[in-house]
Amino acid sequence: MSVTIARVGAVVMALAMMGTAWAHGPTRQKVRESIEINAPPAKVWAVIGNFQDMSWLQPVSKTEGAKGNEIEATRRLTLADGATVDEELYKYDAEKMTYSYRITAVDVKVLPVTNYSSTLTVTPSADGKGSSLEWAGAFYRGFPNNDPPPELSDAAAVKAVSGLYRAGLEALKKKVESGS
């Protein structure tokens with residue numbers, strides 16, 4: 001009898017744990033990319049330090065905003081295909097060459113994420129001859145419920161953000177090092 005009760009208890013516990021796992025929604029994803037640039041940190045910061053100018057990022061065709069680099073400054077990025085991304089600055093430290101912002105509005109068909117925030121930071125490179133630029137972001141996938149379609153899954157969100165960061169960092173490196 002006690003063996004049967006123990007088995008029933010184990011089955012109930014296993015089902016409860018499975019139910020908890022199935023009921024759990026998306027988890028926060030993180031992407032961190034960096035690149036070494038053959039230029040002093042001040043030169044890199046001069047290109048990325050203006051929150052109102054995202055022209056260094058390839059798909060961005062226009063940046064419009066308000067409040068410059070003040071906390072709560074906003075900007076609207078218009079992409080080459082006409083889609084827009086609205087963002088808000090929530091941390092800015094020119095001395096430390098870093099700022100953080102969040103997306104306040106984006107169609108998940110453009111970037112399959114929700115609750116996205118990101119930080120750009122420029123530091124001297126390890127050898128002291130150049131710069132290291134890090135772009136780190138945290139976000140949830142574009143589909144908030146269980147069983148997301150493939151294009152709005154965690155993997156799709158990480159792939160999209162990682163691809164954006166890599167392409168952006170490579171383009172910025174090329175721009176700064178060529179002096180254009």
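Biologist: At 28% relative accessibility, does Glu 134 count as buried, partly exposed or exposed, and what does that rest on?

Modeller: This is a predicted model, so every value here is computed from predicted atoms. Buried means under 20% relative accessible area and exposed means over 50%, with partly exposed in between. Glu 134 has 28% relative accessibility, so it counts as partly exposed.

Biologist: Which side chain does Glu 134 meet in a salt bridge?

Modeller: A salt bridge is read from a side-chain nitrogen of Lys or Arg within 4 Å of a carboxyl oxygen of Asp or Glu. Here Glu 134 pairs with Arg 32, at 2.7 Å from N to O. Arg 32 sits in strand β1 and Glu 134 in strand β7, so the bridge links distant parts of the chain, 102 residues apart. Arg 32 has 58% relative accessibility and therefore counts as exposed.

Biologist: How many salt bridges does the structure hold?

Modeller: The structure holds 9. Another of them joins Lys 62 and Glu 64, at 3.9 Å from N to O. Lys 62 is partly exposed, with a relative accessible area of 41%. Glu 64 is also partly exposed, with 42%.

Biologist: What of Arg 75 and Glu 87: are they buried or exposed?

Modeller: Both are buried. They form a salt bridge whose closest N and O atoms are 2.6 Å apart. Arg 75 lies in strand β3 (residues 74-79) and Glu 87 in strand β4 (residues 84-93), so the pair ties together parts 12 residues apart in sequence.

Biologist: Next, helix α3. What span is expected for it, and what span does it reach?

Modeller: The expected span of a helix is 1.5 Å times one less than its number of residues. Helix α3 covers residues 154-178, which is 25 residues. From its first C-alpha to its last it reaches 36 Å, close to the 36 Å expected.

Biologist: Which residues of α3 are buried?

Modeller: They are Ala 156, Ala 157, Val 161, Ser 162, Tyr 165, Gly 168, Leu 169, Leu 172 and Val 176.

Technical notes:
Residues are numbered from 1 along each chain as its sequence is written. This is a predicted model: local features need pLDDT of at least 70, side-chain atom pairs count only at pLDDT 80 or more; totals for chains, interfaces and linings use all residues. Side-chain values use heavy atoms; hydrogens and water are left out. Helices (H or I, at least four residues) and strands (E, at least two) are DSSP runs, numbered from the N terminus. Buried means under 20% relative accessible area, exposed over 50%, partly exposed in between (1.4 Å probe, protein chains only).
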